[in-house]
Amino acid sequence: AVPHHATLCLAADRDAIDRAALLLRAGEAVAFPTETVYGLGADATNGTAVAKIYAAKGRPSFNPLIVHVPDLAAAEQIAVFDPASLALARRFWPGPLTLVLARRPDAGVSDLVTAGLDTVAIRVPAHPVARALLAAAGRPLAAPSANRSGHISPTTAAHVMADLSGRIPMVLDGGACPVGVESTIAAVMDGRIRLLRHGGVSRAELAATSGLAVDDTPVTDDHAPVSPGLLASHYAPGALVRLEATALRPGEAFLGFGPIPDDIGATAVAAETLSAGGDPVEAAANLFSALRRLDASGATTIAVAPIPEHGLGEAINDRLRRAAAPRPAPAPSVGAPAGGE
Ligand code: TXA
Ligand code: MG
């Protein structure tokens, strides 16, 4: 599931940045420096490209990713800003602050980036290499930290190579990251700031700029979202989800992996496949959108074909198991997750 040859580690000069931008536009994942930590970036509007991030990191689950954009105007095309968030953006961007905002659903950002949430996390990085790459790529870039799942975040290109060499085509070397910890993640909710992850912008700075109370009561742990299914804001289909389905019951929609069997296609309320060719990267890219579409079909249950537990199949199955788990009572609404990874 993770092809790749030799990983080029290039000093981030003009030529290398242009090569990285071409790879990004072609749907590849490339590591690049930001002022906080190195990110593993991919075109946020291309689900298959985003799935390659998860494959390279070896992530067993899909957590929402931060979208990196060149400026506030680009962010406003992807998300809706309340006045307090706008003030924070004007004060701290470019810089190590990520804002969780209401997502504009028609902006073209892949559902895999937001993991099906109605919110999107956005930041404008300050690092000159990140800025040059965003300008050259001309696309919003989804980018988690460029480490293998479970490892600590990389602050040099050598750290990235130690984790991801052979798994991605290129690392842009821009030296050591000046901030060295991840961005602060904040969401303005009910007239106060929910601090979802401590990071490069301090709580005191947030409070001073906004005049709002800053609440850092943990909503999750370091590997969040621990239980997205427990968070009211996390997307869970309205329909029930039944796993390992090899035959259909009346009233069910079908989510396949590989070609859709003729008899199932003929009887299902709605049927689609995550990947006709059985490719887990393509399947991951389609997962959240497919669930939304089948949910909208009016079926009481979405029956899901068995999905092999290898490569991104693990992450797909993790999310499907959560969707199929018994539903908790609605929790008080919180901006949702955030944390390391
Ligand atoms: O400094 C950083 O933020 C680095 C650099 C590369 O920009 N990126 C980074 O990304 O740390 P990552 O994926 O390691 O962390 C993203 C965090 C996750 O904990 C995720 O839960 C949270 O952001 N997140 C993303 N979208 C969210 C959303 N819609 N609501 C709440 N939390 C969200
Ligand atoms: Mg990380």
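Author: The chain has 11 helices and 16 strands. Helices (H or I, at least four residues) and strands (E, at least two) are DSSP runs, numbered from the N terminus. This is a predicted model, in which local features need pLDDT of at least 70 and side-chain atom pairs count only at pLDDT 80 or more, while totals for chains, interfaces and linings use all residues. Residues are numbered from 1 along each chain as its sequence is written, and chains are lettered from A and ligands numbered from 1 in the order in which they are written.

Reader: What makes His68 count as buried or exposed?
Author: Count the C-beta atoms, placed from the backbone: 20 or more others within 10 Å of a residue's own means buried, 12 or fewer means exposed, and in between is partly exposed. His68 has 29 C-beta neighbours inside 10 Å, so it is buried. His68 sits in strand β4 (residues 66-68).

Reader: And how do you know whether Arg123 is buried or exposed?
Author: By that count again: Arg123 has 27 C-beta neighbours inside 10 Å, so it is buried. Arg123 belongs to strand β7 (residues 119-123). Over the chain, buried residues make up 51% of the 341 residues.

Reader: Which residues does Arg123 touch, and what makes that a contact?
Author: Two residues are in contact if their C-beta atoms, placed from the backbone, lie within 7 Å. Leaving aside neighbours within four places in sequence, Arg123 passes that test with Ile66, His68, Leu97, Thr98 and Ser183. His68, with sequence positions up to four places away not counted, has partners including Arg123, Gly41, Pro125 and Ala143.

Reader: What makes Ser153 buried or exposed, and where is it?
Author: Ser153 has 21 C-beta neighbours inside 10 Å, so it counts as buried. Its place is the loop between β8 (141-142) and α7 (157-164). Not counting residues up to four places away in sequence, Ser153 touches Val37, Ser145, Asn147 and Glu182.

Reader: What is called the largest nonpolar core here?
Author: A nonpolar core is a set of buried Ala, Val, Leu, Ile, Met, Phe, Trp, Tyr and Cys residues joined through C-beta atoms within 7 Å. The largest such set has 103 residues, and Ala31, Val67, Ile122, Leu172 and Ala284 touch the most other members. Helix α10 (residues 280-295) gives the most to this core, with nine residues. The core also draws at least three residues from each of domain 1 (8-217) and domain 2 (240-324), bounds that come from an automatic or database domain assignment.

Reader: How do you know where α10 bends?
Author: The bend at a residue is the angle between axes fitted to the seven residues ending there and the seven starting there. At Leu287 that angle is about 45°. Among the buried residues of α10 are Ala284, Leu287 and Phe288.

Reader: How do the two domains sit relative to each other?
Author: The C-alpha centres of domain 1 and domain 2 lie 30 Å apart. Their contact takes 16 residues from domain 1 and 14 residues from domain 2. On the domain 1 side, α2 and α5 are the elements that give two or more residues, and α2 has the largest share, seven residues.
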